[in-house]
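Please look at the place where the two chains meet, and follow this explanation through it step by step.

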Amino acid sequence: MSDPIRRSYVQVLVGESLGERVFEVDRAQLVRYAGASLDFNPIHWSDLAAQRSGLEDVVAHGMLTMALAGRLVSDWAGDPGAVREFSVRFSAVVKVPASGSTQVHVSGTVQEKLGDGRVAVGLQVLSADREVLKAARAVVVLS
Amino acid sequence: MALARSTIGKAYECGPPFDVSRQKIREFAAAIGDDSPIYQDLDLARAAGHGDLPAPPTFGSVISLEMGQGPRRDPELGLDFARVVHGEQRIDLRRPIYAGDVLTGAVSIADIRDAGENELLEILCVLSTPEGEEVCRITSVLVSRGTAEGGR
């Protein structure tokens with residue numbers, strides 16, 4: 001199978017940056033993500049439900065935050081089909097206000113070249129100055 | 001009340017296989033804000049070496065959530081939704097999930113363990129083709145707050 005769009009393995013350097021992205025997340029996106037992901041937990045769209053769960057505001061789906069971090073990885077690799085492993089720990093909620101949006105900052109670095117075209121990358125994911133994902137790591141298979 | 005450790009290793013019914021459609025992939029890509037043409041353009045996906053549109057890397061978790069309701073609803077396990085937060089997620093892919101895949105799920109409770117006052121519930125979902133080829137493993141760790149025996 002040819003990989004004409006994927007980043008070249010030999011050219012990758014341990015420690016190199018995957019770049020940085022800032023994603024804006026608003027309530028409309030949470031609704032869209034609920035529908036697409038089949039996760040209809042009301043803490044992601046209902047102020048009352050969020051309050052009753054002890055949350056200060058409606059929060060983003062953890063899996064949406066993980067998917068946003070994943071976009072940095074697939075863009076860097078050049079192909080979403082390059083991803084073979086992706087794991088995260090959810091360490092803080094991402095509160096999404098009823099109007100306006102909240103920002104999720106994603107950056108990453110190459111941690112290790114594993115051989116067989118595989119590269120391990122680590123991600124830093126912050127929102128409102130807090131780390132919302134910890135131990136965020138992915139493995140991609142490059143060209 | 002603590003989760004029932006007797007359910008460790010228990011397998012659950014997953015319902016029918018999940019038909020991965022091009023439309024669902026496009027919908028999911030839009031929901032995560034990814035406008036990459038590889039999710040839209042079949043010719044581009046094929047030129048990149050894929051048989052059909054690839055799904056975004058976390059898409060397997062959509063299928064595992066849909067299929068993984070068994071543990072959440074099991075009275076033997078005793079999960080209290082009000083106490084549950086998502087702790088960790090791990091996705092392992094042998095290959096991308098593609099439009100056209102029809103994936104069967106196998107869901108089981110991999111582990112239940114204490115973490116201070118909390119319990120961690122680890123649910124494994126394995127997605128395979130009709131021929132039995134494993135495509136994706138999704139491991140979800142849910143935190144059951146304050147239910148550890150001897151906890152609050």
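A salt bridge is counted when a side-chain nitrogen of Lys or Arg lies within 4 Å of a carboxyl oxygen of Asp or Glu. By this rule one salt bridge is found across the interface of chain B and chain A: A:E85 is joined to B:R90, with 3.2 Å between the closest N and O atoms.

This is a predicted model, in which local features need pLDDT of at least 70 and side-chain atom pairs count only at pLDDT 80 or more, while totals for chains, interfaces and linings use all residues. Side-chain values use heavy atoms, with hydrogens and water left out, residues are numbered from 1 along each chain as its sequence is written, and chains are lettered from A and ligands numbered from 1 in the order in which they are written.

Strand β2 of chain A, residues 83-90, runs antiparallel to β3(B), and five bridges join the two (strands are DSSP runs of E with at least two residues, numbered from the N terminus, and two strands pair if DSSP finds at least two bridges between them).

Taken as a whole, the interface brings 33 residues of chain B into contact with 32 residues of chain A, where contact means heavy atoms within 4.5 Å. The area buried between the chains, which is the accessible area (1.4 Å probe) that two parts lose on being put together, summed over both, is about 2800 Å², and carbon and sulfur atoms give 58% of it. Within chain B, the residues that lose the most area to chain A are B:A31, B:I32 and B:P57, together 18% of what that side buries.

Technical notes:
Helices (H or I, at least four residues) and strands (E, at least two) are DSSP runs, numbered from the N terminus.
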